Amino acid sequence: MTDLKRRVWEKSGELSTSEKEIVRFLFSNSKLCSHLSLAKLYVSESSIFRLCKKIGLSGYSELRFELSDLAHERKINTIDIATEVENAIQEVLNYCSTLDLEKVFLDIKHANTIYLYSTGWSQELIARYLLRELFIIGKNAVMLPSAISELKMVSKRATEGDMLFIISYSGDNVQIRDEISKIQLINNKIITVSFTTLRPAELVSLVDYSFFFRTLKFEKFWVEGDATIDSFSPAYTFIDLLIAKYYQWEQSKGELDNVDYDKE
């Protein structure tokens, strides 16, 4: 954390709403503001001077110096983030290369309906992305609301060969595990698939297939303090690869089915 971030964090309780807005603007435009004169900052001089005084700076010149440090820190972090994303993509490629997907591809091909259940907002976005990708390859997929009652209905709705994808961050939700166990007992014709982070999850032991993804953690700074946010981009990359591989597999199977063996 830069000195400027620490100063603001320590004094955040003393800052007014308008001063917090000024801080957000300065932090979001740290490189630009570090080169602008006070007259070109589009913020009143008195407001800047009051802010500087509250956070223990002598004036705008010192603030510009601190903003320059912040911009430099972000430049370094941007390089690190790019490397992290590149490494994550390579990890997904390596992971996919280890998977034997023949059986799950057969199940996807023969499934009349594929149900998608997610356990949170980010997971729901992943499920919606998978829904779209399944539609592109001609599969009938149904998005279930994130409610246990909807999961309970799957065993009544599903027919033989249908699939249920559970997209969960940890895979450790007790209610979901209980319902999956009941589904397996009541309607063992449903093929279940879990999609969770790399951490061990009890859900994995209950399903027919399990796939994994990891998240990327990025630092985000608010006036209230430092925090990390999870990026689920590796999950989307995995889905892209899975669907692409399925499409190639299906095309190859179609070509084999069309071979006239009498002419061989």
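Let us begin with the overall picture. The model is a predicted one, and its chain holds 10 helices and seven strands. Of the 264 residues, 42% are buried. Among contacts with a separation of 6 or more, 70% are between residues 24 or more positions apart. The chain exposes about 14800 Å², and carbon and sulfur atoms supply 53% of that area.

Now turn to the sheet. Five strands form an open sheet in the order S2-S1-S3-S4-S5, with parallel pairing. Strand S2 (141-143) and S5 stand at the edges with a single partner strand each, so one side of each has no neighbour in the sheet. From one strand to the next, the twist averages 20°.

Strand S1 (residues 114-118) pairs with S3 in the parallel sense over five bridges, and tyrosine 117 stands opposite isoleucine 166 in S3. Strand S3 (residues 163-167) is in turn joined to S4 by five bridges, again running parallel; here isoleucine 167 has phenylalanine 195 of S4 as its bridge partner. Five bridges also link S4 to strand S5 (residues 209-213), and these two run parallel. In that pairing, threonine 197 has its bridge partner in S5, namely phenylalanine 213.

How many residues of strand S4 are buried? Seven of the seven, residues 191-197, are buried, so S4 is largely enclosed by the rest of the structure. If you are looking at the side chains here, keep in mind that in a regular strand they alternate between the two faces of the sheet.

Helices lie against these strands. Helix H7 (residues 121-136) lies across S1, S2, S3 and S4, and runs at about 165° to S1. Helix H9 (residues 174-186) packs on the sheet too, touching S1, S3 and S4, with its direction making about 170° with that of S3.

Side chains of opposite charge can pair when their charged atoms come close. A search of the whole structure finds nine salt bridges, one of them between glutamate 179 and lysine 182, whose closest N and O atoms are 3.6 Å apart. These two residues are three apart in helix H9, which means that about one helical turn separates them. Glutamate 179 is buried, with a relative accessible area of 8%, whereas lysine 182 is partly exposed at 43%.

Arginine 24 is partly exposed, at 33% relative accessible area, and glutamate 21 is partly exposed at 46%.

A further salt bridge joins glutamate 91 to arginine 214, with the closest N and O atoms 2.6 Å apart. Glutamate 91 lies in helix H5 and arginine 214 in the loop between S5 and strand S6 (216-222), so this pair ties together parts 123 residues apart in sequence.

Let us stay with helix H5 (residues 60-97), which also contains glutamate 66. Is glutamate 66 buried or exposed? Its relative accessibility is 7%, so it counts as buried. Beyond its neighbours within four places in sequence, glutamate 66 is in contact with Asp3, Leu4, Arg7 and Leu57. Valine 85, also placed in helix H5, is partly exposed at 31% relative accessibility. Together with Ile89 and Leu93, Val85 forms a nonpolar surface patch with about 200 Å² of accessible area.

Notes:
Residues are numbered from 1 along each chain as its sequence is written. This is a predicted model: local features need pLDDT of at least 70, side-chain atom pairs count only at pLDDT 80 or more; totals for chains, interfaces and linings use all residues. Side-chain values use heavy atoms; hydrogens and water are left out. Buried means under 20% relative accessible area, exposed over 50%, partly exposed in between (1.4 Å probe, protein chains only). Helices (H or I, at least four residues) and strands (E, at least two) are DSSP runs, numbered from the N terminus. Two strands pair if DSSP finds at least two bridges between them. Contact means heavy atoms within 4.5 Å. Axes are lines fitted to C-alpha atoms, for helices over the stretch in contact, and angles run from 0 to 180 degrees between N-to-C directions. Patches are made of residues with over 30% relative accessible area and no salt bridge: like charges are joined within 9 Å, nonpolar side chains (Val, Leu, Ile, Met, Phe, Trp, Tyr) within 5 Å. Accessible areas come from the Shrake-Rupley method with a 1.4 Å probe; for residues, only the protein chains shown count as cover. A salt bridge is a side-chain nitrogen of Lys or Arg within 4 Å of a carboxyl oxygen of Asp or Glu.
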